[in-house]
Amino acid sequence: MHTCIIIDDEPRARALLQAMIEQYCPQLQVLALCEDLPSGVKAIHKHKPSLVFLDIEMPGHSGLEILDFFNPEEVDYRIIFTTAYSEYALQAFRFSAIDYLLKPIKHSQLIEAVERFVQTDKQSQVQQLKALQQNLEARTNWEEKRIALPTGHSLHFLKPNEIVLIKGEAAYSDFHLSNGTKVLVSKNLKHFEEQLAPLPMFYRCHKSYIVNLHHVVRYVKADGGHLLLTGNLRAMVSIEKVNETMELMNRLGE
């Protein structure tokens with residue numbers, strides 16, 4: 001049995017989420033319902049839950065300010081945010097590898113989020129929360145964004161331009177970085193194609209490759225056609241995507 005608390009300024013939202021948890025998530029026990037962040041912080045200290053459902057948009061204190069009330073070593077619980085944010089803001093959550101429930105909450109969405117929580121190793125979310133705050137503040141400035149890559153029991157946080165290319169191998173993705181290192185992530189290439197879609201420099205040029213167009217040195221026609229990237233890395237280009245790849249490279253260079 002895992003324990004949780006709900007922090008939301010709307011009484012109806014608190015009651016509805018509690019009812020959904022009791023009906024669809026028997027592995028969770030709700031210990032407290034809190035109407036604002038200060039009372040939620042007190043409940044966390046008192047009950048020491050393993051999971052916190054946290055509304056973002058509340059009067060007085062935003063849910064994103066939760067780090068202001070804890071020392072990093074005290075954040076030994078996981079957070080699932082509840083939000084009515086726009087698609088742009090939701091992308092910031094995805095970049096930061098933080099789970100969220102989009103209001104109005106659907107029971108299927110809740111079940112999936114709780115299953116991910118149960119299956120994920122317990123770890124501090126301090127770095128993820130800091131990355132989320134930065135990603136929300138960055139808005140259209142892609143250079144300031146941070147992308148979280150889960151690897152085993154840890155997370156790697158990268159700036160977009162630190163990623164040269166991503167090579168997909170079945171259910172895994174191999175990130176090749178500008179410093180010459182690699183990071184292997186147990187998610188397929190389709191996952192990162194969708195996650196990185198808002199960043200115009202990333203392009204899936206082949207079924208097995210996503211490249212950062214800022215790192216492309218040139219296109220080589222030999223050997224079926226491939227891109228040469230910084231660090232002497234290579235990425236194959238599908239025949240049907242050669243023209244589109246060239247157009248995107250030219251557009252970024254304007």
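A residue counts as buried when its relative accessible area is under 20%, and as exposed when that value is over 50%; partly exposed residues fall in between. The close-ups below come from a predicted model.

**View 1. Lys-103 and Asp-8 meet in a salt bridge.** Side chains of opposite charge can pair when their charged atoms come close. Here the distance from N to O is 2.9 Å. Lys-103 sits in the loop between strand 5 (100–102) and helix 4 (107–119), while Asp-8 sits in the loop between strand 1 (2–7) and helix 1 (11–24), so this pair ties together parts that lie 95 residues apart in sequence. Lys-103, at 23%, counts as partly exposed.

**View 2. Asp-55 also forms a salt bridge with Lys-103.** The closest N and O atoms of this pair are 3.3 Å apart. Once again distant parts of the chain are linked: Asp-55 belongs to strand 3 (residues 51–55), Lys-103 to the loop between strand 5 and helix 4, and the two are 48 residues apart. Is Asp-55 buried or exposed? Its relative accessible area is 4%, so Asp-55 is buried.

**View 3. Lys-182 pairs with Asp-174 in a salt bridge.** Find the closest N and O atoms, which are 3.7 Å apart. Lys-182 has a relative accessibility of 55% and therefore counts as exposed. Asp-174, in contrast, is buried, because its relative accessible area of 11% is under the 20% cut-off.

**View 4. Salt bridges with shared partners make one network.** Which residues are joined in this way? They are Asp-8, Asp-55 and Lys-103.

**View 5. Lys-130 in helix 5.** This helix covers residues 126–138. Lys-130 has a relative accessibility of 44%, so it counts as partly exposed. How far is Lys-130 from Arg-146 in space? From C-alpha to C-alpha the distance is 9.5 Å, and the two residues are 16 residues apart in sequence.

How values were computed: Residues are numbered from 1 along each chain as its sequence is written. This is a predicted model: local features need pLDDT of at least 70, side-chain atom pairs count only at pLDDT 80 or more; totals for chains, interfaces and linings use all residues. Side-chain values use heavy atoms; hydrogens and water are left out. A salt bridge is a side-chain nitrogen of Lys or Arg within 4 Å of a carboxyl oxygen of Asp or Glu. Helices (H or I, at least four residues) and strands (E, at least two) are DSSP runs, numbered from the N terminus. Buried means under 20% relative accessible area, exposed over 50%, partly exposed in between (1.4 Å probe, protein chains only).
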